Amino acid sequence: MPTMKRAAPLPKPKTSRPLAPGYGFPEGSKGLLPWTWAEQRLKKSHNYWITTVKPDGSPHTMVVWGLWQDGRLLFSTGSNSRKACNLAQNQNCVLCNEHAHEAVIVEGVAELADVASRRKFLSTYQRKYKFDMSSMKDDILSMKEPVFAVRPRLVFGLWEKHFQSKSTRWKFA
């Protein structure tokens, strides 16, 4: 399983244009989106797409419910799920919010969330999804079942309405 990490404040990302030769993005930083634009969309998303890597190197994509919490996306899954098995072997993953017209694409690393993050996750998750997690609470808090926290490394913000002028890339140290 991936290592367990305490939630640390997310460092301020370096903002730039996506590296996309041939797309005709303007040079310079005028019009780049603020990081708050991405975080708002990550917080408000109901469904998230997550892509993990299978042992044979092929991708596996699935929809999950989750929370953007303390600068990471937290989601739970069964310990024997394809996602959990993939992340146990390779922590690299990609997650996306549900709305492609205001897309946020996060390339990151999935780690096991610590108990404090899990407690916060459980109470907030129930409010967001109106889903009773009480039958899973003991297994989640005892670390028997995984809650993953995806820490961003590289994030893209692609706003369809302003694609040419506002597409943004955020890089975290």
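Is Arg 151 buried, exposed or partly exposed, and what is its relative accessible area? In this structure, Arg 151 is partly exposed, with a relative accessible area of 32%; buried means under 20% relative accessible area, exposed over 50%, and partly exposed in between (1.4 Å probe, protein chains only). The model is predicted, so that local features need pLDDT of at least 70 and side-chain atom pairs count only at pLDDT 80 or more, while totals for chains, interfaces and linings use all residues. Residues are numbered from 1 along each chain as its sequence is written, and side-chain values use heavy atoms, with hydrogens and water left out.

Three salt bridges are found in a search of the whole structure, a salt bridge being a side-chain nitrogen of Lys or Arg within 4 Å of a carboxyl oxygen of Asp or Glu. Arg 151 takes part in one of them, with Glu 111, at 2.8 Å from N to O. This pair links distant parts of the chain, since Arg 151 belongs to strand β9 (residues 147–159) and Glu 111 to strand β8, 40 residues apart; helices (H or I, at least four residues) and strands (E, at least two) are DSSP runs, numbered from the N terminus. Glu 111 counts as buried, at 5% relative accessibility.

A salt bridge also joins the side chains of Glu 102 and Arg 41 (2.8 Å, N to O). Glu 102 lies in strand β8 (residues 102–113) and Arg 41 in helix α1 (residues 35–44), so the pair ties together parts that are 61 residues apart in sequence. Arg 41 is buried, its relative accessible area being 16%.

In the salt bridge between Asp 70 and Lys 120, the closest N and O atoms are 2.9 Å apart. Asp 70 is placed in the loop between β5 (67–69) and β6 (72–76), and Lys 120 in helix α3 (residues 115–129), so parts 50 residues apart in sequence are tied together. Asp 70 is partly exposed, with a relative accessible area of 37%, and Lys 120 is partly exposed, with 39%.

Not counting residues up to four places away in sequence, Phe 121 touches Leu 67, Gln 69, Leu 74, Phe 75, Ser 76, Met 133 and Val 147, where contact means heavy atoms within 4.5 Å.
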